[in-house]
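Here is a short briefing on one protein chain. Keep the structure open while reading.

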Amino acid sequence: MIIVMKKWMEYRASIVFFFITWFLLVISFTGNFFGVGLWQNWFDGFQRDSSAIIEKTARCKEKSSYSGPLIVTKNEDYNSVMMAEDCDASLLKPYASQYGLQARVITALAPKDSTKLPVYFKKVNVVLAAAMAALMALVALRVRKLFGFVAAAVFATLVAFSPWVVGYAQNIYWIEPLMFAPFTFAFLSYSYCKSSKKLWLFYLGEAVLLFLKFLSGYEYISTIAMSVLVPIIFFELINNKQKIIKLWKHAVMTCVVVVVAFVGAYITNFMALSDYYHSSDTALKMINERASERGLSGIRKMRTHAVGNLKTLLPESYEFANRFINMEELAEDKGSTYQYLAINAGNYVLLPALSLPLSIKGVFGEIVQSILVWVLVGYLVLFYLKRRHPSFKYYRSFLWSLHISLAGALSWLILMPGHALPHAHINGIVFYMPLLLFVYMVVGLYIGNIVKKRRKRA
């Protein structure tokens, strides 16, 4: 009877923790309750141009013969056409780079009365934010089970103050829940599936989630693929001294699942475009041209964006660098490619991991809140925990999870420089899938240990 009562109390505590965490994350994701962001109106304007693709598709669903996402025929007309609350189908064409599952679903459910669309889009925003909050609350619940309440509370709090997670949460183009669902599913289910000898179910679930994500866009494919592998490595290495190379079978299976999901999404998009254009050659050309722009061939065309992004995102660092380098000259495309790549790399590592609820001015303030510093904090805290607790059973789990997560974050930026150069204003998200999430766990575990020690002394 006592055991049953304890289980019931723990179950009730878990439910309460989940809903409180979910609620706090919802108000953060939907209304920016904690005021995160790079400037005052950053949250309200975050990726409005990408959301416009879905909104325009919904507004034109009665006038367009293509049921997938739509975009302007001429890039120079993007703002004037895509931001307008009307529909001129003659100025639009299929957005060939993806199948656009999100556009198709949101458009199919959208009211035909255009006056009702603004309210409808806001409802979709809230639903997406609530779904993302639920995913992060589930991860926090798992952290609570592994490391205790304090670690989980710290984890959830840091997520709520993470600008890129908050910014993406309600965006109707990016569909952030699908970006994090493969990792969340792996983190929650891998141990159970392995112990119950149902790994086939685990990989099937991952294949479905990855397929759905790729139907909504191929962005961050390498990072998301690695995010599936990280929880496997984490749980396999708990209190286990086996060499990391022995986990190669899991890496191969993850790769197979990702390839199957990607090929499935690619074929689906190819068939949709072929049907619309009545030409498989045209469909193939349109898809591959977009991919080529995002790869190595896009470096020359996109490289000057590195300067503009640094000036916009990190103005203090830009002014500091301008004292030593002629940034205006580089902005006019008069530098060497390696200079732009170096500026871009500096920009990424100095992007804010957190928006701390205090004012720290100057370059120092940008550094303190940066991805670079918080990743270093994660490693240093982990080394400290190992030193103070030699038998710390999670040391190798966390260490290799951080290593692989870091490789995953960098993989997209290295493999797709044509996307990395102009998109620093959004690509900070790769460092959360799941590198910074594990950093938050390590920090939470450290703070949890401090709280335990103080309680024992009291």
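Start with a cysteine: Cys60 has 0% relative accessibility, under the 20% cut-off, so Cys60 counts as buried. The model is predicted.

**Disulfide**
- The structure holds 1 disulfide.
- The S-S torsion of Cys60 and Cys87 is about 130°, so the disulfide is right-handed.
- Cys87 is buried as well, at 13% relative accessible area.

**Other cysteines**
- Cys193 is buried, with a relative accessibility of 2%.
- Cys255 has a relative accessible area of 46% and is therefore partly exposed.

**Ser191**
- Ser191 belongs to helix 9, which covers residues 176-195.
- Its relative accessible area is 26%, so Ser191 is partly exposed.
- Leaving aside residues up to four places away in sequence, Ser191 touches Arg142 and Phe235.
- Phe383 lies 192 residues from Ser191 along the chain, and their C-alpha atoms are 25 Å apart.

**Fold and dimensions**
- The protein chain has 23 helices and 2 strands.
- Its C-alpha trace spans about 70 × 60 × 45 Å along the principal axes.
- The radius of gyration is 23 Å, which agrees with the value near 23 Å for a compact globule of 458 residues.

**Packing and surface**
- Buried residues account for 52% of the 458 residues.
- Take the contacts in the protein chain with a separation of 6 or more: 74% of them join residues 24 or more positions apart.
- The accessible surface is about 22,100 Å².
- Carbon and sulfur atoms contribute 64% of that surface.

**Charge**
- The protein chain carries 47 positive and 26 negative side chains.
- The centres of these two sets are 19 Å apart.

Key:
Residues are numbered from 1 along each chain as its sequence is written. This is a predicted model: local features need pLDDT of at least 70, side-chain atom pairs count only at pLDDT 80 or more; totals for chains, interfaces and linings use all residues. Side-chain values use heavy atoms; hydrogens and water are left out. Helices (H or I, at least four residues) and strands (E, at least two) are DSSP runs, numbered from the N terminus. The radius of gyration is taken over C-alpha atoms; the globule rule is 2.2 Å times the number of residues to the power 0.38. Buried means under 20% relative accessible area, exposed over 50%, partly exposed in between (1.4 Å probe, protein chains only). Contact means heavy atoms within 4.5 Å. Accessible areas come from the Shrake-Rupley method with a 1.4 Å probe; for residues, only the protein chains shown count as cover. Lys and Arg count as positive and Asp and Glu as negative; His and the chain ends are not counted. The place of a charge is taken as NZ of Lys, CZ of Arg, CG of Asp or CD of Glu. A disulfide is a pair of cysteine sulfur atoms within 2.5 Å.
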